[in-house]
Amino acid sequence: RKELGDMRDKLRNGIEKLDESKDQVEVLSKELEVKKVEVSKSQTECEQLLVVIVQDRRVVDEQAKVVGADAEKISKEEAVISAQAKEAQKDLDEALPALEKAEEALNSLNKKDISEI
């Protein structure tokens, strides 16, 4: 009898443990369902954000191409303008001595020279 009672107690304990485990599994299953919804929502948000990022990246790439082309154009124009500036400076350097001689000649004129003209 005692043996039978011990077995009965073990069986009751086992059934109680199974019931507790079943309750815990139900609670965890509910939590899992909530987490699945949250993960699904987050995944959708991430996918939408990724679409925006890809679109923005395309815009940035296009703008970078335009800026690169503009920079190249500006660089070429800068080279042309620099060459023109050097040429103009050379012409000015050549013309300045003649201007200075003309000014000296003008300053050396007196009233008599002007009346002869």
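Good morning, everyone. Let me start with a definition: buried means under 20% relative accessible area, exposed means over 50%, and partly exposed is in between, with a 1.4 Å probe and protein chains only. By that scale Lys 76 counts as exposed, at 53% relative accessibility.

Before going on, a word on the source. This is a predicted model, where local features need pLDDT of at least 70, side-chain atom pairs count only at pLDDT 80 or more, and totals for chains, interfaces and linings use all residues. Residues are numbered from 1 along each chain as its sequence is written, and side-chain values use heavy atoms, with hydrogens and water left out.

Now, the overall picture. The chain has two helices and zero strands; these are DSSP runs, H or I of at least four residues for helices and E of at least two for strands, numbered from the N terminus. The radius of gyration of the chain is 48 Å, well over the 13 Å that the globule rule gives for 117 residues, so the chain is more spread out than a compact globule. That radius is taken over C-alpha atoms, and the rule is 2.2 Å times the number of residues to the power 0.38. Along its principal axes, the C-alpha trace spans about 160 × 25 × 20 Å. Buried residues make up 1% of the 117 residues. The chain exposes about 11,100 Å², and carbon and sulfur atoms supply 59% of that area, computed by the Shrake-Rupley method with a 1.4 Å probe, where for residues only the protein chains shown count as cover.

On to the salt bridges. The structure holds six of them, each being a side-chain nitrogen of Lys or Arg within 4 Å of a carboxyl oxygen of Asp or Glu. I'll walk you through some.

Back to Lys 76: its partner is Glu 72, with the closest N and O atoms 3.4 Å apart.

Arg 57 counts as exposed at 51% relative accessibility, whereas Asp 61 is partly exposed at 32%.

Then there is Lys 36 with Glu 33, whose closest N and O atoms are 3.8 Å apart. Here the spacing in helix H1 is three residues, again about one turn of the helix. Lys 36 is partly exposed at 47%, and Glu 33 is partly exposed at 44%.

Finally, the surface patches. These are made of residues with over 30% relative accessible area and no salt bridge, joining like charges within 9 Å and nonpolar side chains (Val, Leu, Ile, Met, Phe, Trp, Tyr) within 5 Å. Which residues form the negative patch? They are Glu 16, Asp 19, Glu 20, Asp 23 and Glu 26. Glu 20 is found in helix H1, which covers residues 2–108, and is partly exposed at 43%.

The nonpolar patch is formed by Leu 49, Leu 50, Val 52, Ile 53 and Val 54, with about 430 Å² of accessible area together. Val 52 is likewise in helix H1 and counts as partly exposed, at 39% relative accessibility.

Notes: Lys and Arg count as positive and Asp and Glu as negative; His and the chain ends are not counted. The place of a charge is taken as NZ of Lys, CZ of Arg, CG of Asp or CD of Glu.
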